[in-house]
Structures are given as structure tokens and as C-alpha cells.
Amino acid sequence: MRTVAVVGASLAGLSAARALRKQGYDGRLVLIGDEPHRPYDRPPLSKEFLAGRVGEADLALEADGEDLGAEWLLGVRATGLDRADRSVRLADGRTVRADGIVIATGAAARTLPGSEGLAGVHTLRTLDDARALRDELVRGGRLVVIGGGFIGAEVASTAYALGLDVTVIEAAPTPLAGPLGEAMGDVVSALHADHGVRLLCGVGVKGLSGERRVDAVLLEDGRSVPADTVVVGVGARPCVEWLEGSGVALDDGVTCGADGRTSLAGVVAVGDCANWYDPHTGSHRRVEHWTGALERPAAAVATLLAHGETEPGVPRPPYFWSDQYGVKIQFVGHAAGADSVTVEEGATDERSFLAVYRRAGTPVAVLGMNQPRLFTRWRKQFTA
């Protein structure tokens, strides 16, 4: 291969570029990113950066003096992929022809219909999002977070520490029931109540009120929740519209094998936009976690450089963590399909415990709250 284009310049794209060089690729390497920023770390955006404890320089992912020998095309969006001449079309009219292509365009925050143009309404996905939200939170007042997932919970925790009056609204009866199951989702989400943050569950959002600036969140049951600032944390959609008509198979992202290979030869996908096949569950799934964006590109790059002539390995089970209200939450594995979950250390009411999920007696997932050492020992069983 003489030219490889990596479309997406966040952690997954950077990890792919590093893997290419590490695995011996010495040809032309082009990194394309729609944001103007060099690669930066996203997890601190909802925590330390939002709280003002770290600055933008602390988010940089590139090591001092690191030189990948790459061409960086930043601040320009990919608009299409032409499989006939193997070129990536860019929004500014340029094209990049490549022998190999790594799709790493990630995902974008979902928005609330009708909120466009209303001041005080935010999503949190990018550095620019975090800058804008941080400026709002400094003003204090009443914050309403729509969505009780991990991003929403982390924003609520940060805002609580900054002294804001915080309400979290979750449409599902139990927050975090998807990734953690109902029992443990209920335990983890109880952190809100422990700290005086209101949690309204099982009710949807009808809309927002306000002329130029939001002043309330309107619920489907008729209630109105006053708000000075609103954060919409209702998930993310994979950024794959630019691939329509390219021949790359799409289904909730880019459909991939267990090694990132797509339906087009010479094209692999990594990161939040990649819907990888998971042999552990026998199904496809997108892994929207930091560790997946860090680790999985190496396998995809190996497949790309070998022209698909490699046997796909078994991806490591998903691992993620979250910091909320001073509590460290860690999870590895798949809660879906587990037929039991037992607390094996500590106590849930003390918010310090380790729980093991099992299916037919076999551990399939582990959840830890403030149990980092014990959790690490259990996690090694899943990644050995």
C-alpha cells in the first residue's frame, strides 16, 4: 500500500495511525478530521475539564515529540467515498485517493427536536461543546439533564460539585438498565439521591419552553421543570451518512467483522461508528468506550495491511469506567443475557461493592463501585 487514509482524527483514528506505523507501514499516511483540533481526550470533558480542574493542553493525546509522519487535514468533513477510484471526497472539494482506508468518524450527540436556536441548551460530545457548557455552568442556577446515562450522570455530578441545583430526567423506569441491568442500574443511579440531585424516571420530555433562552423542560405527564441550562444526553448516532451509496454495508454504523473488516476490500472501521461482530454474544454491536477506541484499531490495521488474509481474533470484552460524586464505577463484560448478579464484596448501600454477573454459572460481567483493586483482579480473567 502506498497511501492509507484515516478518516477521523480522534482517539480511534490516532490509535489506527499509531498501529500502522508500529506494524511497519512506511507509506503516505493522511489523517482527516472534521474538527479543527488535534486529537484530544474526551472522558475529562464531562468531569475535570467541565469543572475547570484541567485545561485544554491537558487533553492532548499526542505525546511530546511524537511524529507519525502524517499529513493532517483538519477542520474538513468527509462527504463521500468513491469505491471505483478509492477516494475520499471532502467538503472543501478536495479528494484523497488511498489504497487503504480506515473509517473512524465516530458518533455525534443526538439532539432534542425543537431545541435548535434556543440559548442555554447543550449537548456534550466535543471540546467546543464542553467549552460552551463550562461557560454556562460558571453562572450557576438550575441545571436540567435530559438522559440518565453515564454522560448525563457525570455532568450532573460535576454540576452538583459546582453548586448548581440539578435535576436529571430519564425516560426509562431505571437509569442505566441497558448496560448494567435493572438491579445494578438502580443502585448506581441512587448516587443522585445520595447527593440531593433530583431524579425523575419513567417520564418522557415533551419539549422545552422559552422564547430566546430555555426556561423550563416540559414533561409528557404535564409537569414543568424550571431550568436555566439544559444538557441533552440522550445518546449518540454513528457518523456514517457520508458512506451512503459507497458499497460499505451500514446498520447502526459500519457493519464489521470481528477484526474491523467491512464489506469493501481495503476498508476497515474502528471506534464509535464501527458495528463490530462480537463472538462473545454472536451479534454485532457498537462499543462506544475509550478502551475500545484505544485497543481495537490494532486488529483492524493488521487486517488492512494483510489485505484481509488474517484470522480474526476475539476482541476483548468491553470495559468502561465512570466517576460520579467521588465514586469510581468500573464495568467489564456483557450484562445482557446474565441470569444472575451477586454482590461478592462490600455492600450496595455503602456504595462500595463488587458484583459478578453470571450466565449458567459462568461469569460474563463484573461491576465495581469503589473497588478498583478487586475489580482489576476480576477483569484480568476476562482479558487473559
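**Note on the predicted model**

1. D252 counts as partly exposed, since its relative accessible area is 43%. Here buried stands for under 20% relative accessible area, exposed for over 50%, and partly exposed for the range in between, with a 1.4 Å probe and protein chains only. The residue is found in the loop between β17 (236-238) and β18 (254-255). Although D252 is not a glycine, its phi is positive, at about 50°. Helices (H or I, at least four residues) and strands (E, at least two) are DSSP runs numbered from the N terminus.

2. The model is predicted, so local features need pLDDT of at least 70 and side-chain atom pairs count only at pLDDT 80 or more, while totals for chains, interfaces and linings use all residues. Residues are numbered from 1 along each chain as its sequence is written, and side-chain values use heavy atoms, with hydrogens and water left out.

3. The loop between β4 (78-82) and β5 (87-90) holds D85, and R86 lies in the loop between β4 and β5 as well. R86 is a residue other than glycine with a positive phi, near 50°. Most residues other than glycine have a negative phi. As to accessibility, R86 is partly exposed at 27%, and D85 is partly exposed at 30%. D85 and D99 are 14 residues apart along the chain, and their C-alpha atoms are separated by 9.3 Å.

4. The partners of β1 are next. Strands count as paired if DSSP finds at least two bridges between them. With strand β2 (residues 28-33), β1 pairs in the parallel sense over five bridges; V30 in β2 is the bridge partner of A5. With strand β7 (residues 100-103), β1 pairs in the parallel sense over four bridges, and V102 in β7 stands opposite V6. Together with helix α1 (residues 11-22), β1 and β2 form a right-handed β-α-β unit; the crossover is called right-handed if, with the strands pointing away from the viewer, the path from the first strand over the helix to the second runs clockwise.

5. Five strands make an open sheet with parallel pairing, in the order β9-β16-β10-β11-β12. Its edge strands, β9 (121-122) and β12 (198-201), each pair on one side only. Strand β11 (residues 165-170) runs parallel to β12 and is joined to it by four bridges. In this pairing, T167 stands opposite R198 of β12.

6. How many aromatic pairs does the whole structure contain? A search finds seven. Rings of Phe, Tyr and Trp (its six-membered ring) pair if their centres lie within 6.5 Å; planes under 30 degrees apart are stacked, over 60 edge-to-face, and the rest tilted. The pair F331 and Y357 is edge-to-face, because the ring centres are 5.6 Å apart and the planes stand at 80°. F331 belongs to strand β23 (residues 327-333) and Y357 to strand β25 (residues 352-359), so this pair ties together parts that are 26 residues apart in sequence. F331 is buried at 2% relative accessibility, and Y357 is buried at 3%.

7. Two arginines lie over ring faces. A charge sits over a ring if NZ of Lys or CZ of Arg is within 6 Å of the ring centre and within 35 degrees of the ring normal. R134 lies over the face of F49, at 4.1 Å from the ring centre, and R379 lies over the face of Y319, at 3.7 Å from the ring centre.

8. The structure holds one cavity of 30 Å³ or more. A cavity is a set of points, on a 1 Å grid over the protein atoms alone, where a 1.4 Å probe fits but cannot get out, and lining residues have an atom within 4 Å of a point. Grid points are joined across faces, edges and corners, and the volume is the space filled by probe spheres set on the points. The largest cavity has a volume of about 50 Å³. Its lining consists of V270, G271, A274, W276, R285, V287, G292, A293 and R296. The elements that give two or more residues to this lining are β20 (274-278) and α7 (290-295).

How values were computed
On a 1 Å grid over the protein atoms alone, a cavity is a set of points where a 1.4 Å probe fits but cannot get out, and a pocket is an open set with protein on both sides within 12 Å along at least five of seven lines; lining residues have an atom within 4 Å of a point.
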